[in-house]
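Please keep the sequence and the coordinates open while reading.

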Amino acid sequence: MNIKPIKANNESFSNLIMTEFDHMLKVLNHKTQFNQKIPGQKMQEPDLPAPKAQHIAGLMRINHTGEVCAQALYNGQALMAKDEKTKQHLIKAAQEEHDHLNWCQSRLDELGVQTSVTNPFWYAHSFAIGSLAAFFGDAISYGFVIETEKQVESHLQEHIDDIGDDDPKSLKILQQMQADEIRHGNEAKDAGGVELPDPIKRVMSGMSKIMKFVSYRV
Ligand SMILES: [Fe+2]
Ligand SMILES: [Fe+2]
């Protein structure tokens, strides 16, 4: 999916709303794109006992929802970015996150499970948070990226440890995602992101726990 830069100064408010609504629908209705490289795609499907397969499907559904959130967050931040360079940085990052969305979607298809029914809520929530963070300036906005990627990287490690050798296909996807998230965090640091206050970090972590609890189940 190509996300077009949003020129907040030159477009009418209704056009911006329509563009953002279109982004949201594309993310929420994403279908696996097989023309893209997907880590582990050619690996053999592991023979998992049903409870294990269900558990891994739950973990991959969490990761899929996380990538829905990433799309919303970056789109919200790009919309409200103060300068064009920041906007372009965020749009590029969103495009890379879109690969992750595709990888998680492809794995959920293979495991035969649906994406989380709560995704529309998490998209709206993350879009609002991203817009708000960017409203306070690009340094805060990048700071938000740094903290988000740090928390995502650590939760990916938990899933990597949990899945281990049981499902090499999911493992391969998560390992590549983790490497990309670390890079995204470092790029945001280099771009001038500041460290967020601890209470904000705690709220972010709390919301992420709720998202994980719910998306694992439905
Ligand atoms: Fe990602
Ligand atoms: Fe990322």
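The expected span of a helix is 1.5 Å times one less than its number of residues. By that rule the 28 residues of helix H3 (residues 84–111) should span 40 Å, and the end C-alpha atoms of H3 are 41 Å apart, which agrees. The model is a predicted one, with a mean pLDDT of 90 for the protein and 95% of its residues at 70 or more.

**Confidence**

- Among the elements of the protein, the lowest mean pLDDT, 86, belongs to helix H1 (residues 13–28), whereas the highest, 95, belongs to helix H6 (residues 168–190).
- Where pLDDT is low, the predicted coordinates should not be read in detail.

**Overall form**

- The protein contains seven helices and zero strands, so that its pattern, read along the sequence, is α-α-α-α-α-α-α.
- Its radius of gyration is 17 Å, close to the 17 Å that the globule rule gives for 218 residues, and the protein is therefore as compact as a globular protein of that length.
- The C-alpha trace spans about 55 × 35 × 25 Å along its principal axes, and 42% of the 218 residues count as buried.
- Of the contacts between residues at least 6 apart in sequence, 85% join residues at least 24 apart.

**Helices H3 and H6**

- Glycine 112, which follows H3, has a positive phi, near 75 degrees.
- H6, with 23 residues, reaches 33 Å from its first C-alpha to its last, close to the 33 Å expected at 1.5 Å a residue.
- The buried residues of H6 include Leu171, Ile173, Leu174 and Met177, and also Lys169, Glu181 and His184; the buried residues of this helix pack against H2, H3 and H5.
- Just after H6, glycine 192 likewise takes a positive phi, here of about 105 degrees.

**The nonpolar core**

- The largest nonpolar core has 43 residues, and those with the most contacts inside it are Val68 and Tyr74.
- Helix H2 (50–80), H3, helix H4 (119–135), helix H5 (138–163) and H6 each supply at least two residues of this core, with H2 giving the most, 14 residues.
- Leaving aside its neighbours within four places in sequence, valine 68 is in contact with Val27, Leu101, Asn119, Trp122 and Tyr123.
- In soluble globular proteins, nonpolar side chains tend to be buried together.

Key:
Residues are numbered from 1 along each chain as its sequence is written. Chains are lettered from A and ligands numbered from 1 in the order in which they are written. This is a predicted model: local features need pLDDT of at least 70, side-chain atom pairs count only at pLDDT 80 or more; totals for chains, interfaces and linings use all residues. Helices (H or I, at least four residues) and strands (E, at least two) are DSSP runs, numbered from the N terminus. pLDDT is the predictor's confidence in each residue, from 0 to 100. A nonpolar core is a set of buried Ala, Val, Leu, Ile, Met, Phe, Trp, Tyr and Cys residues joined through C-beta atoms within 7 Å. A residue is buried if 20 or more other C-beta atoms lie within 10 Å of its own, exposed if 12 or fewer, and partly exposed in between; C-beta atoms are placed from the backbone. Two residues are in contact if their C-beta atoms, placed from the backbone, lie within 7 Å. The radius of gyration is taken over C-alpha atoms; the globule rule is 2.2 Å times the number of residues to the power 0.38.
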